[in-house]
Amino acid sequence: TRMIHIKAFTFSPISENTYVLYNDAGKAIIVDPGCYFPAEEETLKNCLIDNGLTPVYLLNTHCHLDHVFGNKWVHETYGLALHLHPNEEAMLALAPVSGERWGLPFQNYAGPLHFLNDGDTVLLGDTEIHVILAPGHSPGSICFYIPSQGDLMGGDVLFRGSIGRTDLPGGDTETLLTSIREKLWVLPDETVVYSGHGIKTTIGYEKRNNPFL
């Protein structure tokens, strides 16, 4: 049985997947809030209201602009401080510059930072969510793995039939391929991967079909 339910939203002109993880006790985690427009903030807020949810964590898999657009709004609306890998602090600082370059200016999060490292555990109720460091797309990309139900919030590390791009600042193709092979291929084949863009996939499907690996 699923202890943690997962809702996905696709936000911003960059079509980024924002995830809300929640349990039956009404506690929720917001992963990579990509809301760029006020209407998208409303959509996220209404999801929480409609399901009677109280957000207790704000997590970033990594801090490229499309994954952090909504951090400030979540912080101001729900009082949550940002959790990220220490190697993403520099990426977070760069994000508004990228926003200007893409013609998508935004107000960056400037609240306190809580660092998550490889092997750390985040608890939602009594369900463990494991932090897996998988750099390459971004220097401190982390995935959030729920071993009890075989779900992985993968960020932009692995996509259905593809991998994260490595031509952005801090990206490196060899590092990314090594991360996937050493950190993700060891997970069970039936593990469902919820990616930062596009549709979900499974570890087994990608092992068999991903052209990059």
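View 1. At 9% relative accessibility, Ser12 counts as buried (buried means under 20% relative accessible area, exposed over 50% and partly exposed in between, with a 1.4 Å probe and protein chains only). The model is predicted: local features need pLDDT of at least 70, side-chain atom pairs count only at pLDDT 80 or more, and totals for chains, interfaces and linings use all residues. Residues are numbered from 1 along each chain as its sequence is written, and side-chain values use heavy atoms, with hydrogens and water left out. Ser12 belongs to the loop joining strand E1 (5–11) and strand E2 (16–22); helices (H or I, at least four residues) and strands (E, at least two) are DSSP runs, numbered from the N terminus. Its phi is near 75°, a positive value in a residue other than glycine.

**View 2. Asp32 in the loop between strand E3 and helix H1.** The loop runs between E3 (27–31) and H1 (38–50). Asp32, which is not a glycine, has a positive phi near 55°. With a relative accessibility of 2%, Asp32 counts as buried.

**View 3. The bend in helix H4 at Ala95.** Helix H4 (residues 89–101) bends by about 35° at Ala95, and a proline, Pro96, follows within four residues. The bend is the angle between axes fitted to the seven residues ending at a residue and the seven starting there. Just after H4, Gly103 adopts a positive phi of about 70°.

**View 4. Buried residues of helix H4.** Met91, Leu92, Ala95, Ser98 and Gly99 are buried in H4. The elements covering the buried residues of H4 include helix H2 (65–68), helix H3 (71–78), strand E5 (82–84) and strand E6 (113–115), where contact means heavy atoms within 4.5 Å.
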